[in-house]
Each structure stands twice: as structure tokens, then as C-alpha cells.
Amino acid sequence: MTGGAGFLGSHLCERLLQTGYEVLCVDNFYTGTRENVAHLLSSPHFELMRHDVTMPLYVEVDEIFNLACPASPIHYQFDPVQTTKTSVHGAINMLGLAKRVKAKFFQASTSEVYGDPKIHPQPESYWGHVNPNGLRACYDEGKRCAETLCFDYHRQHGLPIKVARIFNTYGPRMHPNDGRVVSNFIVQALTHKPITLYGDGLQSRSFCYVDDLIDAFILLMNSDEDFTGPVNTGNPGEFTILALAQKVIEMTGSKSELVYQPLPADDPLQRQPDITLARSKLDWEPTITLEKGLEPTIAYFRQLLETRGMTMHQ
Ligand code: NAD
Ligand code: UDP
Ligand code: UDP
């Protein structure tokens, strides 16, 4: 697994080990941490390797989960050229590896391939509305090109591929400073700092709890050989950012106030997955409501802030 020390990767490593896999976790720790997988290091079935996927990798494996890529706007815009390289060179190297060892290949794609969508909710057949040279392009176009590479390795070399288009996902082990809305709001609420709403807060997102998403990954990887995706994986429950802020304040009992800040460039107005395909091909749909998923997520950040001496004062 590439990107295995990140938020989603660490949960996937955990799940694969529970299922009896031998896991080689490859990560350059750009946004992931050793702490995320520290609890797995004692397993004889788990191996952690520092490696940048923009460089070739020669190992022997049966399956590849390609998750390496910074995922939050702050992180992927910090070094945008490296972000594109990670998606594109990283995909070429990992697909080349898969081709050599005849491994099944899973690509973590994203709802960002739809850009600022003009069709709502977004089905897989929608080609998207992406600005090719804006601030988000390094991520969006990098991921679109990675999809292209997957399908060309599939058509040209007969490589078995599985492409998941992941929508906003949250849960324990999100990076506390990654600027994503769920982590930002929870940390702000727990420290009674102002909750930062960008724009009017009426833009929407659909939030999936990490455990539901990992179920979809496993089902997709084990799906019929002729099913390649792309398949939307996300929770269709759609909320405005303002509603999320209010829910987090309510659940944390926070005294935080709402402050409005400018909307970043190219920020999509709305996003909701059409999961008809996942329902029919994978027999999957999310089961964890936003409220249920926020409970362990808030508990995780509360614990993290306590260990860092940033405990909230009522
Ligand atoms: P994350 O930043 O926590 O994890 C990404 C991991 O990739 C990190 O451990 C990072 O160190 C590693 N990495 C980055 N560049 C690398 C490189 N060049 N070589 C090796 N490792 C590298 O993010 P995440 O939320 O866990 O996302 C995982 C994957 O899922 C990403 O590909 C992301 O684009 C995709 N995704 C996530 C979401 C979401 O809501 N979390 C949504 C859509 C897509
Ligand atoms: N590659 C790798 N590990 C391997 C095989 C290939 O990292 O086990 C990389 C290598 O850098 C290569 C890229 O994957 O350039 C693409 O491989 P492919 O065989 O598709 O094309 P090549 O460039 O070798 O013709
Ligand atoms: N957002 C916000 N306040 C924050 C962080 C994010 O209002 O402190 C908004 C952001 O502008 C976007 C939405 O929340 O409209 C989701 O942002 P995130 O970065 O989590 O994900 P993405 O934009 O990639 O979906």
C-alpha cells in the first residue's frame, strides 16, 4: 500500500491485517506519520518502508493499493508540482510495478475529478468541470491523469484495475492541521476558537465515515474481475458547511462563534455522490450517520489535544 501511513491508509492497513493480509506500507511521510501505524509495527505481517513513489520501486507483491498523495487543499497546494508528480509519476511507477509482478491495482481517485460539478448528484458518467490551471488543478488534473494511466495499462497491458472515486471522508487520524473542514471545525470547537466558515457557508459536501469507506475499498478490490470502476465511494447524505459547523458546536458543547472568511478559488459549490453503481456492483452503501461518525472523531481530537496540552477550558 502506498500512502499507508496517512489517514485512510492507516485504517486500510489495519483492516487488511485483520483480514489476514501481509502488508507492505510504503510512505514518504509527507503528510502521514509513523504514529498513525505505530500500533501495527509489532505485527510480523506488517512492514513499514520509507519511499517516495515518484521513484521506481522494485518489490514483490500480489496487490497494490495506490493511496499516496496529499489530500487536503493546504497540503496539496503547498508544493503543487510535487503533487502532480506524486499522482502522475507515482501512478506510472506503481502501474509499472503492477505490470511486472502481475498485481491487481487499486487507485484512490477522487470526487475532485468532477471539479465544480454542473450535474448534481454526480454519476460516474459525468466528465466533470475542472479548471486545468487553477489552484486545485495540481490535484484534480493529477488524479484525472492517474485514472487515464490506470485505464491505459488495463487496455494496453491487460492489467486488472479498480478505480474508486472517493468523496469527502472523515474520522480518527485525520491530520489536525490539514485545513479540511471536519478537522478544522472540531479542533476550533474543542479549543473554543472561532469556527471559520469560508464564503456564506451554504456550499455543501457529503461526508463519509472512514469505516464505511474502507468497507467499499475491500468490496471493490474483491469485486468481479471485469469490474474496473470508476465507482463513486461516499455518503450521499449532503450537508451545508454551516450545518456541519452547527452540529460540531452542539456535539462538543463549544462556546465558539462563527466567523466568515473569503471563499478559496475554485471551491466547489456542491458535491454529492450518486452511489447507484456501488449499490448494484458492490452491494455497498454507507451505514454510519454524520452524528454517529462525528462521535469517535471528536473523541480522537479531544485526546490528541489533551496530549498536546491544548485541553479545552469550559
Ligand atoms: P493523507 O494525506 O492522510 O495520506 C496520504 C499519504 O500519502 C500520506 O501518508 C503521505 O505521507 C503519503 N504520500 C504523499 N506523497 C507521497 C509520495 N510521493 N510517496 C509516498 N507517499 C506519499 O490523505 P488521505 O485522506 O488518507 O488520502 C489518501 C488517498 O485518498 C489520497 O490519494 C487522496 O487523494 C485520496 N482521497 C481522500 C479523500 C478524503 O476525503 N480523505 C477524498 C478523496 C480522495
Ligand atoms: N517500475 C517500478 N517497479 C517495477 C517496474 C517498473 O517502479 O517493478 C517503474 C519504472 O520506473 C518504469 C515505470 O514503472 O519506468 C513504468 O513501467 P513500464 O514497464 O510500464 O514502462 P517502461 O518505462 O519500463 O517501459
Ligand atoms: N471550509 C470552511 N472552513 C474551513 C475549512 C473548509 O468553510 O475551516 C469549507 C471549504 O471552503 C469547502 C468545504 O468546507 O467549501 C470543504 O473543504 P475541505 O477542504 O474539507 O474539502 P474539499 O473542498 O476538498 O471538499
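Visitor: Which backbone does an oxygen atom of ligand 1 sit 3.0 Å from?
Guide: Quick heads-up: this is a predicted model, where local features need pLDDT of at least 70, side-chain atom pairs count only at pLDDT 80 or more, and totals for chains, interfaces and linings use all residues. Residues are numbered from 1 along each chain as its sequence is written, chains are lettered from A and ligands numbered from 1 in the order in which they are written, and side-chain values use heavy atoms, with hydrogens and water left out. A polar contact here is a pair of N or O atoms within 3.5 Å; within protein, one must be able to donate a hydrogen and the other to accept it, and residues adjacent in sequence count only if both atoms are side-chain atoms. The polar backbone atom at 3.0 Å from that ligand 1 oxygen belongs to Gly32.

Visitor: How far is the side chain of Tyr153 from an oxygen atom of ligand 2?
Guide: Among the residues around ligand 2 are Pro56, Leu57, Ile92 and Tyr153. A polar backbone atom of Leu57 is 2.7 Å from a nitrogen of the ligand, while a backbone N or O atom of Ile92 is 3.4 Å from an oxygen. For an N or O atom in the side chain of Tyr153, the distance to a ligand oxygen is 2.5 Å.

Visitor: And ligand 3: which residue has a polar side-chain atom 2.6 Å from an oxygen atom there?
Guide: Ligand 3 is surrounded by 18 residues, and the closest are Asn184, Thr196, Arg205, Asp267 and Arg271. Val181 puts a backbone N or O atom 2.8 Å from a ligand oxygen, and Arg205 puts a polar side-chain atom at 2.7 Å from one. The side-chain atom at 2.6 Å comes from Asp267.

Visitor: On to helices. Are H5 and H9 parallel or oblique to each other?
Guide: Helices (H or I, at least four residues) and strands (E, at least two) are DSSP runs, numbered from the N terminus. Axes are lines fitted to C-alpha atoms, for helices over the stretch in contact, with angles from 0 to 180 degrees between N-to-C directions; H5 (residues 181-190) and H9 pack at about 60°, axes 10 Å apart. Angles under 35 degrees count as roughly parallel, over 145 as roughly antiparallel, 65 to 115 as roughly perpendicular and the rest as oblique. So H5 and H9 are oblique.

Visitor: How many charged residues are in the contact of H5 with H9?
Guide: Contact means heavy atoms within 4.5 Å, and here Val182, Ser183, Ile186, Val187 and Leu190 of H5 meet Leu294, Thr297, Ile298, Phe301, Arg302 and Leu305 of H9. Ala, Val, Leu, Ile, Met, Phe, Trp, Tyr, Cys and Pro count as nonpolar, Asp, Glu, Lys and Arg as charged, and the others, Gly among them, as polar. That sorts the residues into eight nonpolar, two polar and, for charged, one.

Visitor: Is the crossing of H7 and H9 left-handed or right-handed?
Guide: The axes of H7 (residues 241-252) and H9 (residues 290-307) come within 11 Å and cross at roughly 60°. A crossing is left-handed if the near helix is turned anticlockwise from the far one by less than a right angle, and right-handed if clockwise. For H7 and H9, the crossing is right-handed.

Visitor: What is omega for the peptide bond from Gly229 to Pro230?
Guide: Pro230 is in the loop between helix H6 (210-221) and strand E10 (231-233). Another bond, joining His120 and Pro121, is cis with omega of about -10°. The Gly229 to Pro230 bond is cis too, with omega near 5°.

Visitor: Last one: which residue has a positive phi although it is not a glycine?
Guide: Look in the loop between strand E1 (23-27) and strand E2 (46-50). The phi there is about 60°, and the residue is Phe29.

Definitions and conventions: Near = heavy atom within 4 Å.
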